[in-house]
Amino acid sequence: MGYIQDARENHVKKKVEEALRSKMKQRALKECDYYTAKYAECASGRTLSVVWRCRQQAKELNGCLHQFIEDPKKEKLICKVVKFENLRKLMEPL
């Protein structure tokens, strides 16, 4: 029974992590809207040349996105969610 319970808990943790990653991406894109628009404007009408013509805009966008998606922030969120889940389990009636 222990193996099945561990597998379920790992599955839940992965689902929580995926949801957090998705939320963090949404927030990052929202916060970096200015840089996204700048990059999109530069890339408009280009194909291969976007790689070298819009390099600066891409760097600015990536720099902004990394502020909101970096691992330490994700780890803090995951810890908070796991603590909340553990507290919720403790509060459940036996």
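**Figure 1. The whole chain and its surface.** The accessible surface of the chain comes to about 8,000 Å². Carbon and sulfur atoms hold 57% of that area. The model shown here is predicted. The chain has 94 residues, and 14% of them are buried. It contains five helices and zero strands. Along the sequence, the elements run α-α-α-α-α. Take the contacts in the chain with a separation of 6 or more: 65% of them involve residues 24 or more positions apart.

**Figure 2. The disulfide between Cys32 and Cys64.** How many disulfides does a search of the whole structure find? The search finds two. One of them joins Cys32 to Cys64, with an S to S distance of 2.0 Å. This pair links distant parts of the chain, 32 residues apart. Cys32 sits in the loop between helix H1 (2–31) and helix H2 (33–43). Cys64 lies in helix H4, which covers residues 55–69. Is the pair buried or exposed? Both Cys32 and Cys64 are buried. The torsion about their S-S bond is about -90 degrees, so the disulfide of Cys32 and Cys64 is left-handed.

**Figure 3. The disulfide between Cys42 and Cys54.** Here a disulfide joins Cys42 to Cys54, and the S to S distance is 2.0 Å. This pair also links distant parts of the chain, 12 residues apart. Cys42 belongs to helix H2. Cys54 is in the loop between helix H3 (50–53) and H4. The S-S torsion of Cys42 and Cys54 is about -95 degrees, so this disulfide is left-handed. Why does Cys42 count as buried? Its relative accessibility is 11%, and buried means under 20%. Cys54 is buried too, with a relative accessible area of 1%. Count the bonded cysteines along the chain, and the disulfides follow the pattern 1-4, 2-3.

**Figure 4. The largest nonpolar core.** Nonpolar side chains tend to be buried together in soluble globular proteins. Which residues make up the largest nonpolar core in this model? There are six: Ala28, Cys32, Leu61, Cys64, Leu65 and Phe68. Helix H4 gives the largest share of this core, four residues. Cys32 and Cys64 are therefore both disulfide partners and members of this core. Leu65 touches Ala28, Leu29 and Cys32, not counting residues up to four places away in sequence.

**Figure 5. A closer look at Ala28.** Ala28 is found in helix H1. It is one of the residues in the largest nonpolar core. Its relative accessibility is 0%, so Ala28 counts as buried. What does Ala28 contact, leaving aside its neighbours within four places in sequence? The partners are Leu65, Phe68 and Ile69. Now compare sequence and space for Ala28 and Cys64. These two residues are 36 residues apart along the chain, and their C-alpha atoms are separated by 7.7 Å.

**Figure 6. The aromatic pair of Tyr34 and Tyr35.** The structure holds one aromatic pair. Tyr34 and Tyr35 form it, and the arrangement is edge-to-face. A pair of aromatic rings is described by the distance of the centres and the angle of the planes. For Tyr34 and Tyr35, the centre to centre distance is 5.2 Å. The angle between the planes is 75 degrees, and planes over 60 degrees apart count as edge-to-face. Tyr34 counts as exposed because its relative accessibility is 57%. Tyr35 is partly exposed, with a relative accessible area of 28%.

Notes:
Residues numbered from 1 in each chain as written. Predicted model: local features only at pLDDT ≥ 70, side-chain atom pairs only at ≥ 80, totals over all residues. Heavy atoms only, no water. Disulfide = S-S within 2.5 Å. Helix = DSSP H or I, 4+ residues; strand = E, 2+ residues; numbered from the N terminus. Buried < 20%, exposed > 50% of the residue type's maximum accessible area, 1.4 Å probe, protein only. Phe/Tyr/Trp six-rings, centres within 6.5 Å; stacked < 30°, edge-to-face > 60°. Core = buried A, V, L, I, M, F, W, Y, C linked by side-chain atoms within 4.5 Å. Contact = heavy atoms within 4.5 Å. Areas by Shrake-Rupley, 256 points an atom, 1.4 Å probe, with all protein chains shown as cover.
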